[in-house]
Amino acid sequence: MPGFTTQIIHSDRQEPIEHGSLHKPIHANVAFGFDDVQDLVDVFQAKQKGYAYSRQVNPTVTALESKITKMERGIDTVCFATGMAAIGSALFALLRKGDHVVSSSFLFGNTDSLFKSFSTIGIDLTFVDATDVSNVESAIQENTRLVFVETIANPRTQVSDLDQIGKLCAARGLVYVVDNTMTSPFLYQPIDSNASLVVNSLTKYISGHGHALGGAITETGNFDWVGFPNIYDEYKKDNSNRWGLTQIRKKGLRDFGATLTPEAAFHIATGSETLALRMQRQCTTAQRLADFLHAHPRVVRVYYPGLSDHPEHERAKLRFSKPGALLSFELVDEIDPFQLLNRLKLVISSTNLGDNRTLAIPVAHTIYHEMGAERRASMGIADSLIRVSVGIEDCDDLIEDFDVALKT
């Protein structure tokens, strides 16, 4: 079996590719013509494979979906315009009024906002501390359909009790959705924790270059959708472990139209080829930077799963090949986080993460501002908390940048 990077680099050429191109070309057209109208009808009715309209399927996007499926060792993938579109479309496709969802309370700010919007249209939500499976188990109700967690929380880096939650969901017949964005498929593959569906924001580490938006939902094949009550009859075809993803493609991607463009798919696909190389360097640098900040007298605390005093350090060491490339830290009271960020020369103040460049933000004032002070306090988000997404710069240069800024 070829290694991770070998599979990703050569996946385009597993099928015939136009003119011997080494990358799947950009198919920028919207519609596709047929010599025989019966072929058009058969493609529309899913009786044969093919392309009719790019809102649902496009050759360039299909090639990327194949790469993501291989990365996650799944059976199929659907791509979307953004990671948020992937999450929202999947929930819309699979849930109905009166259903209940158990979710980690340590959610990315926009995901938290999205879930609260679903609660206004009849989806019941319970947020729990997912670092302990007992909290998830206590929250399950008769109408619970789905459990949603992130691998590593953004920005406080809590690590969900992934394996035990997976066992619980299998025993209770619940769809288990794992957002793998913070770890990426290179550091961890949620299929090993019995995940049903895997979310990736392709914008982040998989693309890596900060120049394309995208999201994906991957079906692992772990969940048998026969027992799931919300599958429409028209999608109960072929292998039952594909029913859920088929419904997500039809009721989510097709009906909402949050389509990944061929141009973005091309950029993400080429960026993904260096995922392993970038993540190895980023994680090594993140560990050294976390160690440096942890020892600094002007830093109160550092949140990074690679540190031995992190509450889930042993879990992260057991489950992830490396503890990730994102960390956060709190400053002593006399240092203004805005002034510190303005003193940094290499580190860029930016809200993205997973970029080749190191990025940092004051969390409470940006991605968690909308939550309000009370909700931030419940999540342990201090006003001085700074999130750092570590890039691929030379490690010594980054440490020197922080050292100078902290001394000033």
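Predicted model: local features only at pLDDT ≥ 70, side-chain atom pairs only at ≥ 80, totals over all residues.
How do the axes of α3 and α10 cross, and within what distance do they come?

**Entry 1: α3 and α10**

I looked up the pair and found that the axes of α3 and α10 come within 8 Å and cross at roughly 35°. The crossing of these two helices is left-handed. On the α3 side, I noted T60, V61, L64, K67 and M71 in the contact, and on the α10 side P262, A265, F266, I268, A269 and S272. Sorted by class, the residues of this α3–α10 contact come out as 8 nonpolar, 2 polar and 1 charged.

Next I checked which residues of α10 are buried. They are P262, A264, A265, I268, A269, G271 and S272. I also wanted to know what they pack against, and the list is α1 (4-10), α3 (59-72) and α11.

**Entry 2: a glutamate in a loop**

Is E273 buried or exposed? I found E273 in the loop between α10 (262-272) and α11. Its relative accessible area is 15%, and under 20% counts as buried, so E273 is buried. Leaving out neighbours within four places in sequence, I saw E273 in contact with T5, I8, I9, H23 and K67. K67 was already in my notes, as one of the α3 residues that meet α10.

For contrast, I looked up another glutamate, E374, which sits in helix α14 (residues 373-378). E374 has a relative accessible area of 70% and is exposed. I also checked E374 against K47: they are 327 residues apart along the chain, and their C-alpha atoms are separated by 53 Å.

**Entry 3: the two faces of α7**

Which residues of helix α7 (residues 162-172) are buried? I wrote down L162, I165, G166, L168 and C169. Looking down the axis of α7, I saw these buried residues fall within an arc of 165°, so they line one face of the helix. A handy reminder here: an α-helix has 3.6 residues a turn, so residues three or four places apart point the same way.

On the other side of α7, K167 and A171 are exposed. Then I asked what covers the buried residues of α7, and the cover includes α6 (133-139), β4 (144-150), β5 (175-179) and α12 (313-319). Just after α7, I spotted G173 with a positive phi of about 70°.

First, α4 with α9. Helix α4 (residues 83-94) and helix α9 (residues 243-256) pack at about 115°, and their axes are 8 Å apart. That makes α4 and α9 roughly perpendicular to each other. Their crossing is right-handed. From α4 I listed S89, A90, F92, A93 and L94, which meet G244, Q247, I248, K251, G252, L253 and F256 in α9. The class tally for the α4–α9 contact is 7 nonpolar, 4 polar and 1 charged.

Then α11 with α15. The axes of helix α11 (residues 275-295) and helix α15 (residues 395-407) come within 10 Å and cross at roughly 25°. Angles under 35 degrees count as roughly parallel, so α11 and α15 are roughly parallel to each other. α11 passes α15 in a right-handed crossing. I noted T285, R288, L289, F292 and L293 in α11, meeting C395, D396, L398, I399, F402, D403 and L406 in α15. This α11–α15 contact divides into 8 nonpolar, 1 polar and 3 charged residues.

Terms used
Residues numbered from 1 in each chain as written. Heavy atoms only, no water. Axes fitted to C-alpha atoms, helices over the stretch in contact; angles between N-to-C directions. Helix = DSSP H or I, 4+ residues; strand = E, 2+ residues; numbered from the N terminus. Parallel < 35°, antiparallel > 145°, perpendicular 65-115°, else oblique. Left-handed = near helix turned anticlockwise from the far one by under 90°. Contact = heavy atoms within 4.5 Å. Nonpolar A, V, L, I, M, F, W, Y, C, P; charged D, E, K, R; others polar. Buried < 20%, exposed > 50% of the residue type's maximum accessible area, 1.4 Å probe, protein only. Arc of directions from axis to C-beta.
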